[in-house]
Amino acid sequence: MNRPKGILIDIDGVLLQDGSPIHGSINKLNTLKEHCKIRLLTNTTTQTVSAIHLQLTSHGFLVEEKDIINAPLAAVSALKQLGLHRIHPIVDKRILSDFSEFEQDVHTPEAIIIGDIGDTWDYALLNTLFTQVMEGATIIALHKGKYWKKEGKLQLDIGLFVAGLEYATGKEALVTGKPSGPFFDAALQSLDLPAEEVVMIGDDIENDVEGAQKVGIKGILVQTGKYNQDFVERSNITPHKIIKSFNNFSLF
Ligand SMILES: [Mg+2]
């Protein structure tokens, strides 16, 4: 592997676990930053970019807000591109402000935005969303993750609800976070580097590694976070490299 000029790094499961830094990740990131361009690419949908930035800097990660790219930002640009104004956001209250330029319409939206709302999903809400999509609303999913890890246990992620709505309505969701191609393209644009000069480091074999590889970025898998050997073997995806943790990453 040639020395990369840019590194895309997933936050949850690579730099942080349950909000705390993973051993060695702060020094590693701060050192790497002196030698190449970095961007943090996250599917976290419960925090704004400035809240993520504050959390990272309070631990000692030397990052700037512009280094962080998240799925809500990508959803905003997708809505603009599609010319959709009236939205029904199913997202954590803390990120509602990211969508303040759009009109909230819970009855006849042009788009439904699916993010994380914890354990408040229920049949009535899903049925409302189903009806709105059947009546023409576009499904925009901040991501379509299958599972994540919290306090040592894998937990169901929102992909289940996105896939369920797609199945029931026969319409495909526009996924704005990882592993969508446009999300990785936006990161490359922000780095101002071609895909072949960039590597992606993540703990999710599909969202991070496969998503990156599909646009020509090398995908490196860490064995921290949600890493699970069985899932990796069953995925038929071959990372360019598997490393014990972000701390074991080397530029050479
Ligand atoms: Mg992760």
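How many salt bridges does the structure hold? It holds 14. By salt bridge I mean a side-chain nitrogen of Lys or Arg within 4 Å of a carboxyl oxygen of Asp or Glu. Side chains of opposite charge can pair when their charged atoms come close.

Some ground rules. This is a predicted model, where local features need pLDDT of at least 70, side-chain atom pairs count only at pLDDT 80 or more, and totals for chains, interfaces and linings use all residues. Residues are numbered from 1 along each chain as its sequence is written, and side-chain values use heavy atoms, with hydrogens and water left out.

Now the overall picture. The chain has eight helices and 15 strands. These are DSSP runs, numbered from the N terminus: helices are H or I with at least four residues, strands are E with at least two. The C-alpha atoms fill a box of roughly 55 × 35 × 30 Å along the principal axes. The radius of gyration is 18 Å, which agrees with the value near 18 Å for a compact globule of 252 residues. That radius is taken over C-alpha atoms, and the globule rule is 2.2 Å times the number of residues to the power 0.38.

Next, the domains. Domain 1 covers 6-71 + 178-248, and domain 2 covers 72-175. Those bounds come from an automatic or database domain assignment. Their centres, over C-alpha atoms, are 23 Å apart. Domain 1 puts 22 residues into the contact and domain 2 puts in 23. Contact here means heavy atoms within 4.5 Å.

How much area is buried between domain 1 and domain 2? About 1800 Å², with carbon and sulfur atoms giving 54%. Buried area is the accessible area (1.4 Å probe) that two parts lose on being put together, summed over both. On the domain 1 side, Thr45, Ala71 and Lys226 lose the most, together 32% of what that side buries.

The rule finds one salt bridge across this interface. On the domain 1 side, strand E5 (68-70) and helix H7 (205-214) each supply at least two residues that touch domain 2. That side divides into five nonpolar, twelve polar and five charged residues. Nonpolar means Ala, Val, Leu, Ile, Met, Phe, Trp, Tyr, Cys and Pro; charged means Asp, Glu, Lys and Arg; the others, Gly among them, are polar.

Now a second pair. Glu64 forms a salt bridge with Lys33, closest N and O atoms 3.8 Å apart. Glu64 sits in the loop between helix H2 (49-59) and E5, and Lys33 in the loop between helix H1 (25-32) and strand E4 (37-42), so the pair ties together parts 31 residues apart in sequence.

Last, two backbone details. The peptide bond from Lys178 to Pro179 is cis, omega near 10°. Pro179 lies in the loop between strand E12 (174-175) and helix H6 (181-191). Glu151, a residue other than glycine, has a positive phi, near 45°.
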